[in-house]
Amino acid sequence: MSNPRYFCGSLNQSSGVIERLCNGGEPLRLGETIMQADNLTRGFGTGSQFTLAVDHVSLEVLSGQFVLIMGPSGSGKSTMLAILSGLLKPDSGSVYCLGENIWSLTDIEREQFRLDHCGFIFQGYNLFSALSARQQLEMVATWGNHFSQQEARLRADGLLERLGLGGKGHLRPSELSGGEKQRVAIGRALIKNPNLLFADEPTSALDWTHGEEVVKLLRHLTREEGATVVCVTHDPRLVPFADRVFHMEDGHLVRQSYGYMSHPEEAVLPLPEPGEILPGPGDVVTFRPRIAP
C-alpha cells in the first residue's frame, strides 16, 4: 500500500503558493482535489423500517477550502460526514482522500490514516472527565504530534486563550459549561493542525460571540495553514465564511452554492447572490469568500 504521510502544518510558501509537504517532498497545493466521493449510499434498518440516509451522493472537496454540508434534520448530512471521515462504512460507493480509497484500507490502516491526517469536532464533546481543559489539548499535542511538554503547554494555552478559555485551563469538564466544553473539544481538534478537519455542528452549543471566533479559527486553518475543513451545520450564519456549500435533503445532494463574497472588485464574474447555484465547470471564478459577515 502506498500511503504518503503528510506532515501536519508543514508549509512551503517559497513559490508563493501554500503547500503541505509529504515525507517524499510531494506538495499538496491549495485548490487541488483532496477528497472525492463517488456514488455513496448508506441505509439503516430492515424491511419496512429501512431508511436510505445517503442516496447515491457524489461530491468533490478541494484542499484549503472551508466546506459546509447543510440541510434540515434527517437530511443525511451527519451520516455523510461520518462516511467521508472514515467513521461509518457506506453500503456502496468510494471515498478517495489524499490519494487513498479509505474504505479499501484495513481497520488498522484507516485508524492510522485518521490519526495522521484528520481532526474531529463532535457534538458530544467526548472529553476525558479526569483531565483538565489544558491537559485535553496537551495529550493530543504530545502523543499525536510528539511535541515536547513545554511546546504542548504553550500551544494549548494559546489556543485556549483564543477560544475564550484563557483562565480556565485548569478546570475539568464537570466544572465547565456546555459551551465551554464545546470550545475545549474544538481546541483539541485544532491543536494537531490536521490536514483535514471534520466538524459536526461545532457552534451548536455556543453563543454567536464565541461561535464566530470558532468559525474564524476554522477559516484561519484553511487560509493560513493550508488545511481543509468539512463542517456539518444547519446554522446559516456560517455560510459567509464558506468556500462551498453542499445542500442535502432526504439523503440527496440537491444543490451546491458558494459562500458570500467580500471582494467584488476582484470578481471575474458578477458577484453571486447568497445561495446562488455554482457556475458551470467551464466558468472561471477568482473572487474570494469573505472572512466575516
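Me: Which residues is Thr203 in contact with, leaving aside its neighbours within four places in sequence?
Reply: In this predicted model, Thr203 contacts Gly211, Val215, Asp235 and Leu238. Thr203 itself sits in the loop between strand 10 and helix 6.

Me: Why does Thr203 count as buried?
Reply: Its relative accessibility is 6%. The cut-off for buried is under 20%. Thr203 therefore counts as buried.

Me: Why does Thr79 count as buried?
Reply: Thr79 has a relative accessibility of 14%. Buried means under 20%, so Thr79 qualifies. This residue belongs to helix 1, residues 77-84.

Me: What does Thr79 touch, not counting residues up to four places away in sequence?
Reply: Thr79 touches Arg42, Phe44, Ala53, Val54 and Leu88.

Me: What makes Arg110 and Asp107 a salt bridge?
Reply: Their closest N and O atoms are 2.6 Å apart. The rule asks for a side-chain nitrogen of Lys or Arg within 4 Å of a carboxyl oxygen of Asp or Glu. The pair therefore counts as a salt bridge.

Me: Where do Arg110 and Asp107 lie, and what separates them?
Reply: Both are in helix 2, residues 107-117. They are three residues apart, so about one helical turn separates them.

Me: Is Arg110 buried or exposed, and is Asp107 buried or exposed?
Reply: Arg110 has 8% relative accessibility, so Arg110 counts as buried. Asp107 has 57%. Exposed means over 50%, so Asp107 counts as exposed.

Me: What makes Arg219 and Asp243 a salt bridge?
Reply: The N to O distance between their side chains is 3.5 Å. The limit is 4 Å, so this pair passes.

Me: Why does the pair of Arg219 and Asp243 tie together parts that are apart in sequence?
Reply: Arg219 lies in helix 6, while Asp243 lies in the loop between strand 11 and strand 12. The parts they join are therefore 24 residues apart in sequence.

Me: Why does Arg219 count as buried, and why does Asp243?
Reply: Arg219 has 2% relative accessibility. Asp243 has 6%. Buried means under 20%, so Arg219 counts as buried, and so does Asp243.

Me: What makes Arg223 and Asp243 a salt bridge?
Reply: The closest N and O atoms of Arg223 and Asp243 are 2.6 Å apart. The cut-off is within 4 Å, so the pair qualifies. Arg223 is in helix 6 and Asp243 is in the loop between strand 11 and strand 12, so this bridge links parts 20 residues apart in sequence.

Me: Why does Arg223 count as partly exposed?
Reply: Arg223 has 26% relative accessibility. Buried ends below 20% and exposed begins over 50%. The value falls in between, so Arg223 is partly exposed.

Me: Which residues do salt bridges that share partners join into one network?
Reply: Arg219, Arg223 and Asp243.

Me: How many salt bridges does the count come to?
Reply: Eight.

Me: What does Phe66 contact, leaving aside its neighbours within four places in sequence?
Reply: Its contacts include Val215, Leu218, Arg219, Cys231 and Asp243. Phe66 is also among the residues with the most contacts inside the largest nonpolar core, which has 39 residues. Strand 6, helix 6 and strand 11 are among the elements that give two or more residues to this core. A second, separate core has 31 residues, including Val67 and Leu88.

Methods
Residues are numbered from 1 along each chain as its sequence is written. This is a predicted model: local features need pLDDT of at least 70, side-chain atom pairs count only at pLDDT 80 or more; totals for chains, interfaces and linings use all residues. Side-chain values use heavy atoms; hydrogens and water are left out. A nonpolar core is a set of buried Ala, Val, Leu, Ile, Met, Phe, Trp, Tyr and Cys residues joined through side-chain atoms within 4.5 Å. Buried means under 20% relative accessible area, exposed over 50%, partly exposed in between (1.4 Å probe, protein chains only). Helices (H or I, at least four residues) and strands (E, at least two) are DSSP runs, numbered from the N terminus. Contact means heavy atoms within 4.5 Å.
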